[in-house]
Amino acid sequence: MTPTLRRAALVALRVVVIGAALLFLLRGVDWTEVRGTLRSTNLLLLASVVALNGGMMALKASRLRLLLGQAPSFRSCFLATLTTSAINNVVPLRGGDMARVWMLERHARITKSAAAAVAVVEALFDLISLAVVAFVGGLALHEQRWAVGTTSILLGAAVVLMWLMKRMNGNRAFESADKPVANGVLGRIRRLVERAEPGMRALRKPETIAVAMALSLIVWVFEMGMVMLSARAIHLSVGPALAIVTLLGINLAMALPSMPASAGAFESGATLVLVLSGIPKAQAIAFALLYHVIQVVPVTIAGLAVVSRAGLTLDRLPAPESAE
């Protein structure tokens, strides 16, 4: 497939996903009830959600620093995490992820390939921990049994990918540094692995894997709390099991091509899960809109404020000192 056809196919897929999401959200909804539900929002509980979101960002920054061998400062990791989310909220095609590659190259002294590799490792930790918790949530909810099969597939795929990265990185550690590099496809693969190696180095240490997995599980506990508090803010009762399955639905929907900040897909994923649990569609949409806004707006404002002072790739922050 030519690049032009590939771009056209991606645009067509994006239009289909957005159209389907809007059709699902707009059809048969009493918007007067949605507005009424949102007007009754408890602002104090929303402030608690913002605080939890900040704590979750700190946990992700700690995990990133751990995976990078403590090379960058916690401040750099936190600001990179914050600004990446903010840029992704306003730029299509996940432009924040590209900016983070440049941030880590400067502040962690690693190659762009290694920065991309550590992002894959983080995503795998997130996927494995979400799948484990959502599997338990799906078992607890008879109407959400779809989550059991879905998380089983996701967990299996993520574990296999993690094992492959760990094995590839482990083999690389025992290769001779003066071994001649082959030409052709194998040579290109080996050179890519060499550049990406710092981003996978943490997988050599079982204790690092254990701590990273524990941090990932705590991240999802924070997210569960955010879902439950956001629902409580509009007088909607959502327990831990439904909260984590809702997060699973949101993240599956966000994997599809959509608008910046996954607008439309995010709301559709959350609404569909809640409706399956018997929550009226108007209340489910009100929750989805509220939860999305409270996640996106504070992070975007804070992240863009950081970008305005430190630069798009945090290049105005002090560079880390070179190791002696």
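R100 and E122 are both buried (under 20% relative accessible area, where exposed means over 50% and partly exposed in between, with a 1.4 Å probe and protein chains only). The model is predicted, so local features were taken at pLDDT of at least 70 and side-chain atom pairs at pLDDT 80 or more, whereas totals for chains, interfaces and linings use all residues. Residues are numbered from 1 along each chain as its sequence is written, and side-chain values use heavy atoms, with hydrogens and water left out.

The side chains of R100 and E122 meet in a salt bridge, at 2.5 Å from N to O. R100 belongs to helix α5 and E122 to helix α6, so this pair ties together parts that are 22 residues apart in sequence. Helices here are DSSP runs of H or I of at least four residues, and strands are runs of E of at least two, numbered from the N terminus. A salt bridge is a side-chain nitrogen of Lys or Arg within 4 Å of a carboxyl oxygen of Asp or Glu. The structure holds 5 salt bridges.

Another of these pairs is D126 with R63, whose side chains meet at 2.8 Å, N to O. This pair links distant parts of the chain, with D126 in helix α6 and R63 in helix α3, 63 residues apart. D126 counts as buried because its relative accessibility is 17%; R63 is buried as well, with a relative accessible area of 2%. E105 forms a salt bridge with K112, with 3.0 Å between the closest N and O atoms. E105 counts as partly exposed at 28% relative accessibility, and K112 is partly exposed at 33%.

Two packed helices are described by the angle between their axes and the distance between the axes. The axes of helix α5 (residues 95–107) and helix α6 (residues 112–140) come within 8 Å and cross at roughly 115°. That angle makes α5 roughly perpendicular to α6. Axes are lines fitted to C-alpha atoms, for helices over the stretch in contact, and angles run from 0 to 180 degrees between N-to-C directions. Angles under 35 degrees count as roughly parallel, over 145 as roughly antiparallel, 65 to 115 as roughly perpendicular and the rest as oblique. The crossing of α5 past α6 is right-handed, a term for a near helix turned clockwise from the far one by less than a right angle, the anticlockwise case being left-handed.

Helix α2 (residues 31–39) packs with helix α12 (residues 281–310) at an angle of about 50°, and their axes are 8 Å apart. That makes α2 oblique to α12. α2 passes α12 in a right-handed crossing.

Most residues other than glycine have a negative phi. Q70, which is not a glycine, has a positive phi of about 65°. Q70 lies in the loop between α3 (43–67) and α4 (74–90) and counts as partly exposed at 39% relative accessibility. R109, also not a glycine, has a positive phi of about 55°. The loop between α5 and α6 contains R109, and R109 is exposed, with a relative accessible area of 51%.

V160 is located in helix α7 (residues 146–173) and counts as partly exposed at 47% relative accessibility. Together with L161, W163 and L164, V160 forms a nonpolar surface patch of about 400 Å² of accessible area. Patches consist of residues with over 30% relative accessible area and no salt bridge, like charges being joined within 9 Å and nonpolar side chains (Val, Leu, Ile, Met, Phe, Trp, Tyr) within 5 Å. Accessible areas come from the Shrake-Rupley method with a 1.4 Å probe, and for residues only the protein chains shown count as cover.
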